[in-house]
Amino acid sequence: MLRHTTRTCLYALFFLSGGAALGYQIAWSKMFATGLGHEMPAVLAVVCAFMGGMALGAAALDRLVSRSPRPGRWYAWLEILIAAWCCFSVLLIPQVNGVALKLIGLDPSPLRHWTVAFALPFLALLPATAAMGATLPAMERFVSPLIRDGRCLGALYAANTFGAVTGVLASAFVLVPMLGLSRSVCL
């Protein structure tokens, strides 16, 4: 049985992971807005890239993580990949915005505008979002053998979701106004 303090630390870790993830989403939406014309396409594109990448990551890596004798290492490496890619995204997104502006052009058809608006953020964010999607299976696999009271997956998901809500509020109202977009993403 997992000690209460260890369990609390693991849930706090997953809470912070959810907070960072949605904080990235807020900052990325604002960063992509300059290349996609205005904020609405950017928000839609980043939400789709975020959710699609998470689904792909969870589906693609679930089998590898579930067979691993060391799911905690998977979790740690996934979080390191997320952090590294998010810091890299500060340099990448302006470049992707330049490509988007060229591909969209001055008078694009709606199909062309929306195809570019959805494809480029999806591809630019895929390494980080896929890794984010794989963190839940990794954390669940790591924690579930240690907890026998049946609260593992639901409590993990609750901690991560509550962290996500906190991350949205903290990034939108505290971090981005205080630090700016690039510094908020790197933090």
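Reply: Start with the length of α2. Its 29 residues, at 1.5 Å a residue, should span 42 Å, and the end C-alpha atoms lie 41 Å apart, so the two values agree. The model is a predicted one. α2 also carries a kink of about 45°, centred on Leu61.

Now the buried side of the story. The buried residues of α2 are Pro41, Ala42, Ala45, Val46, Ala49, Phe50, Gly53, Gly57 and Val65. Their cover includes α1, α3 and α4.

Next, the core. The largest nonpolar core has 45 residues. Trp28, Phe32, Leu36, Cys86, Met132 and Val185 touch the most other members. α2 (39-67) gives two or more residues to this core, as do α1 (4-36), α3 (71-104), α4 (110-143) and α5 (152-179). Take Cys86 as one of its members. Beyond its neighbours within four places in sequence, Cys86 contacts Tyr24, Trp28, Ala128, Met132 and Val185.

Tyr24 is buried at 10% relative accessible area. Trp28 is buried at 0%.

The whole structure holds 5 aromatic pairs. Among them is Phe14 with Tyr75, a tilted pair at 5.9 Å centre to centre and 50° between the planes. That pair links α1, which holds Phe14, to α3, which holds Tyr75, across 61 residues. Phe14 and Tyr75 are both buried.

Terms used. Residues are numbered from 1 along each chain as its sequence is written. This is a predicted model: local features need pLDDT of at least 70, side-chain atom pairs count only at pLDDT 80 or more; totals for chains, interfaces and linings use all residues. Side-chain values use heavy atoms; hydrogens and water are left out. A nonpolar core is a set of buried Ala, Val, Leu, Ile, Met, Phe, Trp, Tyr and Cys residues joined through side-chain atoms within 4.5 Å. Buried means under 20% relative accessible area, exposed over 50%, partly exposed in between (1.4 Å probe, protein chains only). Helices (H or I, at least four residues) and strands (E, at least two) are DSSP runs, numbered from the N terminus. Contact means heavy atoms within 4.5 Å. The expected span of a helix is 1.5 Å times one less than its number of residues. The bend at a residue is the angle between axes fitted to the seven residues ending there and the seven starting there. Rings of Phe, Tyr and Trp (its six-membered ring) pair if their centres lie within 6.5 Å; planes under 30 degrees apart count as stacked, over 60 as edge-to-face and the rest as tilted.
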